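Welcome! Here is a short briefing to read alongside the structure. Take a moment to look it over, and then follow the points below.

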Amino acid sequence: MTLADPLRPADGTARPAPSLLVRDLLFAYPDGHQALHGVDLRIEPGERVALLGPNGAGKTTLVLHLNGILAPGEGTVEVGGLPVTKEHVQEIRRRVGIVFQDPDDQLFMPSVREDVAFGPANFGLSGPALAERVEQALAAVGMTGHADRSPLHLSGGQRRRVALATVLACDPEILVLDEPSSNLDPVARRELAEVLLGLGRTMLMVTHDLPYALQLCPRSVVLDEGVVVADGPTRELLADRALLERHRLELPFGFTLS
Amino acid sequence: MGAGHAHPLHLHRDSPVHRLPPQVKIVAAFLGVVCVVATPREAFPVFGGYLVLLLGVWVAARIPVGWILRRSVIELPFVVLAVLLPITGPDPRIEWLGLSLSEPGLLGAWNILVKGTLGVLTSLTLAATTPMRDLLVGLQRLRAPALVTTIAALMLRYVDVIAGEARRMRLARIARGHDPRFLWQAGATARGVGALFVRSYERGERVHLAMLSRGWTGAMPVLTENRTTRRDWAAGLAPVAVAAALAVSGWVIA
């Protein structure tokens with residue numbers, strides 16, 4: 001398997017700024033653990049990309065670089081052409097919508113409506129514009145009727161969709177989903193997939209759920225030991241058993257791809 | 001607002017009292033208690049007047065008296081303290097059913113009992129008619145420090161999450177043969193509490209990260225902008241006016 005060069009598009013034509021451009025990203029935690037060893041990743045507007053890799057591969061570390069929560073040791077990150085730096089951090093956080101793994105971490109307000117309004121209000125919306133944004137985001141995830149409920153009284157799948165709405169309400173350039181299918185029952189998992197496919201947004205999905213990656217993301221990137229070790233069509237990557245085995249990935253029992 | 005109605009101290013009803021803005025009710029409850037406390041303890045009939053006033057509020061709010069009384073048992077530990085006073089208080093003493101009771105102690109006990117009870121009943125009335133969430137909104141509108149209301153709001157949101165975590169940890173301990181009835185097994189419970197603290201702390205960090213990711217810069221955005229009318233204030237403070245009149249008459253007759 002050869003690596004696709006993320007910096008040089010094959011057709012050579014001019015394109016709009018990529019939704020996400022990560023160049024030679026290096027990062028070490030304060031305790032000296034080197035988590036990222038030079039990551040390159042380019043995601044075009046409208047792409048849906050799965051980020052795969054074993055535990056400890058650096059996936060979460062990479063995600064936290066995308067909106068400037070962690071600052072790179074070396075290398076750059078750009079979102080829609082805007083570099084992730086201290087002075088742009090607020091606009092970057094609007095452009096990068098991270099949906100965290102545990103909705104209970106994300107949903108902290110007493111009612112769904114207030115939680116969905118929290119992000120856009122921070123980014124300067126107020127009054128009727130804010131209310132309209134909240135309505136749109138809740139409608140996009142099919143939770144319009146639950147605006148005044150407490151997140152505590154929602155099911156796991158509903159909470160996940162509300163967490164997605166809280167980020168959609170900020171109108172992000174790229175959605176970043178951390179393990180979106182974890183802890184969901186099969187129906188909620190399918191419903192979330194339908195919602196995600198219906199959004200038509202640029203997406204980076206961090207997951208261990210390989211069939212979910214295949215269903216939602218035409219392209220996958222495998223990260224292991226802090227470097228991108230594979231980047232290509234999801235179906236091809238998941239059919240490459242030797243590659244999967246090398247990086248502690250495997251399809252669930254009973255699944256084979258040819 | 002639908003949040004918080006699962007709380008045992010809240011009675012989900014629709015009444016004029018329930019519909020009053022929370023800040024009006026907070027101010028009214030506070031001033032009402034101030035009136036009660038300011039009344040001299042010897043003005044016995046006045047305290048009956050306060051009770052009648054509260055009964056009137058309960059009728060308006062459609063709260064059954066039994067519902068309030070069951071929840072007022074929270075006061076019992078203080079009653080125990082009040083019962084001790086007549087026995088341990090100073091002279092002069094009076095004889096009653098063969099007991100030698102201190103007169104100032106008796107008055108002191110009555111003072112604690114009646115004012116405490118009226119205070120508890122007032123607080124219960126406020127809690128019954130105002131969801132917790134609205135209480136915080138009310139405090140916010142009364143310009144309570146934002147940090148305090150934010151912390152209280154987060155506590156309200158996460159107390160059930162943390163309680164759920166504690167319940168799962170307890171089940172996992174019991175499933176492995178832990179029987180917390182025995183004193184020598186208290187250590188495991190204590191370590192469980194420690195683990196729960198660390199977990200809650202870590203959750204706090206994750207919540208903070210998620211808030212930062214949505215552009216939080218340290219100030220909570222103002223999301224509600226309901227205005228309180230003069231009529232609301234007039235309606236909410238009407239019982240307080242009665243209470244104030246009662247307090248004044250207490251000073252006159254005592």
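In which hand, left or right, does α3(B) cross α6(B)? The crossing of these two helices is left-handed. Keep in mind that you are looking at a predicted model. The points below start with each chain as a whole, then turn to helix packing, the contact between the chains and a few single residues.

**Chain A as a whole**

- Chain A holds 10 helices and 10 strands.
- Its radius of gyration is 18 Å, close to the 18 Å that the globule rule gives for 258 residues, so chain A is as compact as a globular protein of that length.
- If you follow the C-alpha trace of chain A along its principal axes, it spans about 50 × 50 × 45 Å.
- Buried residues come to 47% of the 258 residues in chain A.
- Take the contacts in chain A between residues at least 6 apart in sequence: 68% of them join residues at least 24 apart.

**Chain B as a whole**

- Chain B has 10 helices and two strands.
- The C-alpha trace of chain B spans about 65 × 55 × 30 Å along its principal axes.
- Of the 254 residues in chain B, 26% are buried.
- Among the contacts in chain B with a separation of 6 or more, 78% are between residues 24 or more positions apart.

**Helices α3 and α6 of chain B**

- Helix α3 covers residues 44-61 of chain B and helix α6 covers residues 103-129, and the two pack at an angle of about 10 degrees with their axes 11 Å apart.
- Angles under 35 degrees count as roughly parallel, so α3(B) is roughly parallel to α6(B).
- On the α3(B) side, the contact is made by B:Phe47, B:Tyr50, B:Leu54, B:Val57, B:Trp58 and B:Ala61.
- On the α6(B) side, the residues in contact include B:Val114, B:Leu118, B:Leu121 and B:Thr122.
- Sorted by class, this contact has 10 nonpolar, three polar and no charged residues.

**Helices α8 and α9 of chain B**

- Helix α8 (residues 146-175) and helix α9 (residues 186-213) of chain B pack at an angle of about 145 degrees, and their axes are 10 Å apart.
- Their crossing is right-handed.
- From α8(B), the contact draws on B:Ile162, B:Glu165, B:Ala166, B:Met169 and B:Arg173.
- From α9(B), the contributors are B:Ala188, B:Gly192, B:Ala195, B:Leu196, B:Arg199 and B:Ser200.
- By class, the contact of α8(B) with α9(B) has six nonpolar, two polar and three charged residues.

**Where the two chains meet**

- Across the contact between the chains, 27 residues of chain A touch 25 residues of chain B.
- On the side of chain A that touches chain B, α2 (89-95), α3 (103-106) and α4 (112-122) of chain A each supply at least two residues.
- Which of these elements gives the most to that side? It is α4(A), with six residues.
- By class, the side of chain A that touches chain B has 12 nonpolar, eight polar and seven charged residues.

- A:Glu114 sits in helix α4 of chain A.
- Is A:Glu114 buried or exposed? A residue counts as buried if 20 or more other C-beta atoms lie within 10 Å of its own, and A:Glu114 has 25, so it is buried.
- A:Glu114 and A:Asp148 are 34 residues apart along the chain, and their C-alpha atoms are separated by 8.4 Å.
- Most residues other than glycine have a negative phi.
- A:Asp171 has a positive phi, near 50 degrees, and lies in the loop between α6 (156-168) and β7 (174-178) of chain A.
- With 17 other C-beta atoms within 10 Å, A:Asp171 is partly exposed.
- A:Arg248 also has a positive phi near 50 degrees, and its place is in the segment after α10 (241-246) of chain A.
- A:Arg248 is partly exposed, with 13 other C-beta atoms within 10 Å.

Key. Residues are numbered from 1 along each chain as its sequence is written. Chains are lettered from A and ligands numbered from 1 in the order in which they are written. This is a predicted model: local features need pLDDT of at least 70, side-chain atom pairs count only at pLDDT 80 or more; totals for chains, interfaces and linings use all residues. Helices (H or I, at least four residues) and strands (E, at least two) are DSSP runs, numbered from the N terminus. A residue is buried if 20 or more other C-beta atoms lie within 10 Å of its own, exposed if 12 or fewer, and partly exposed in between; C-beta atoms are placed from the backbone. Two residues are in contact if their C-beta atoms, placed from the backbone, lie within 7 Å. Axes are lines fitted to C-alpha atoms, for helices over the stretch in contact, and angles run from 0 to 180 degrees between N-to-C directions. A crossing is left-handed if the near helix is turned anticlockwise from the far one by less than a right angle, and right-handed if clockwise. Ala, Val, Leu, Ile, Met, Phe, Trp, Tyr, Cys and Pro count as nonpolar, Asp, Glu, Lys and Arg as charged, and the others, Gly among them, as polar. Angles under 35 degrees count as roughly parallel, over 145 as roughly antiparallel, 65 to 115 as roughly perpendicular and the rest as oblique. The radius of gyration is taken over C-alpha atoms; the globule rule is 2.2 Å times the number of residues to the power 0.38.
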